Amino acid sequence: MTEYAHARPVLLRRMGDYCSYCEVHAPTLAVEHIRCKDKNPTLELEWSNFLLACTSCNSTKLISVSTEDDVAARLWPDRDRTQDAFVYSAGGVVSIAELKDPAELSKAKMTAEMVGLLKRPGAGLKPEQIKTASDRRWELRSQAWDEANDARKDLLEQPTPLVRRRILKEAKACGFFSIWLTVFRDDAEMVERLIEEFNGTDRARIFPPAPAAPAPAAPEVTPTPSAPPSPPAPAAPPGA
Ligand SMILES: [Zn+2]
């Protein structure tokens, strides 16, 4: 066993048995080096350089991410708000979000391309890969989409704690956290509980920055967290 492979059980405990890129639930995840270890031997055992990747993401990541610039040119699931960059829709189809910032848009595209995140029949998947089912990420994602939507219907019909618990178990076994989050996005309780259930999820990367606290009773001024304290009101001019 290579030395970095010893990191695998720790990473699995921290992030769950899910591919860091495509979110598939897989028993065969490998420790993946963000910056390739061949060109960066000093990073071979560096924790911040580790993610978990499924066979398909690992083998698609042919582009050698080697330098800090290579890293900066892409979005990474452990440090960026990838939740904002990709959209999940019917059939488990993944697309790039309409990001306003051209730099962020470029990074999202580079990440998708790096691991083949958007690939499906008719969109980048090779006939051979379809024939041999060597890359089933699209198919499993499509099944996850259906499963999550069925689960949502169940919950609408029977909004009980028991059904919620059952759905959370199902989601955890299924993987594809982003799909469950998308399907249940209007259900605040489920969003919270999905984040708890997928224990590697950083909630700060899911929710938008917290809005300002509700205004207290009298105020005409809405404080913002970063606003400096208001200066004292100027003294009334003499003679007023
Ligand atoms: Zn993957």
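Me: What does it take for a charge to sit over a ring?
Reply: A charge sits over a ring if NZ of Lys or CZ of Arg is within 6 Å of the ring centre and within 35 degrees of the ring normal. This model is predicted. In it, Arg14 lies over the face of Trp47, 5.3 Å from the ring centre.

Me: Is Trp47 buried, exposed or partly exposed?
Reply: Trp47 is partly exposed, because its relative accessible area is 39%.

Me: How is a pair of aromatic rings described?
Reply: By the distance of the centres and the angle of the planes. The whole structure holds five aromatic pairs. Take Tyr21 and Trp76: the ring centres are 6.3 Å apart and the planes meet at 65°, so this pair is edge-to-face.

Me: Which parts of the chain does the pair of Tyr21 and Trp76 link?
Reply: Distant ones, 55 residues apart. Tyr21 is in the loop between helix 1 (8-15) and strand 1 (30-33). Trp76 is in the loop between helix 3 (68-72) and helix 4 (82-85). Tyr21 is buried, at 7% relative accessible area. Trp76 is buried too, at 0%.

Me: What is the geometry of the rings of Trp47 and Phe50?
Reply: Their centres lie 5.6 Å apart and their planes are at 75°, so the pair is edge-to-face. Phe50 is buried, with a relative accessible area of 5%.

Me: Which residues form one aromatic cluster?
Reply: Tyr18, Phe177 and Phe198.

Me: How do side chains alternate in a regular strand?
Reply: Between the two faces of the sheet. Strand 2 (residues 50-53) is the case here. Phe50 and Leu52 point one way, Leu51 and Ala53 the other. All four are buried.

Me: How many bridges join strand 1 to strand 2?
Reply: Four, and the strands run antiparallel. His33 has Phe50 of strand 2 as its bridge partner.

Me: Now the metal. What are the ideal angles for four tetrahedral donors?
Reply: The ideal is 109.5 degrees. At the zinc ion, the angles among the four donor atoms are 105 to 115°, and the site is tetrahedral.

Me: Which residues are the protein donors of the zinc ion?
Reply: Cys19, Cys22, Cys54 and Cys57, each through SG, lying 2.3 Å from the ion. Their spacing in sequence is C-x2-C-x31-C-x2-C.

Me: Are Cys54 and Cys57 buried or exposed?
Reply: Both are buried.

Notes:
Residues numbered from 1 in each chain as written. Predicted model: local features only at pLDDT ≥ 70, side-chain atom pairs only at ≥ 80, totals over all residues. Heavy atoms only, no water. Donors = N, O, S within 2.8 Å, 3.2 Å for Na, K, Ca; no water. Tetrahedral: all angles 85-135°; square planar, octahedral: opposite > 155°, others 65-115°. Buried < 20%, exposed > 50% of the residue type's maximum accessible area, 1.4 Å probe, protein only. Phe/Tyr/Trp six-rings, centres within 6.5 Å; stacked < 30°, edge-to-face > 60°. Helix = DSSP H or I, 4+ residues; strand = E, 2+ residues; numbered from the N terminus. Pairing = 2+ DSSP bridges.
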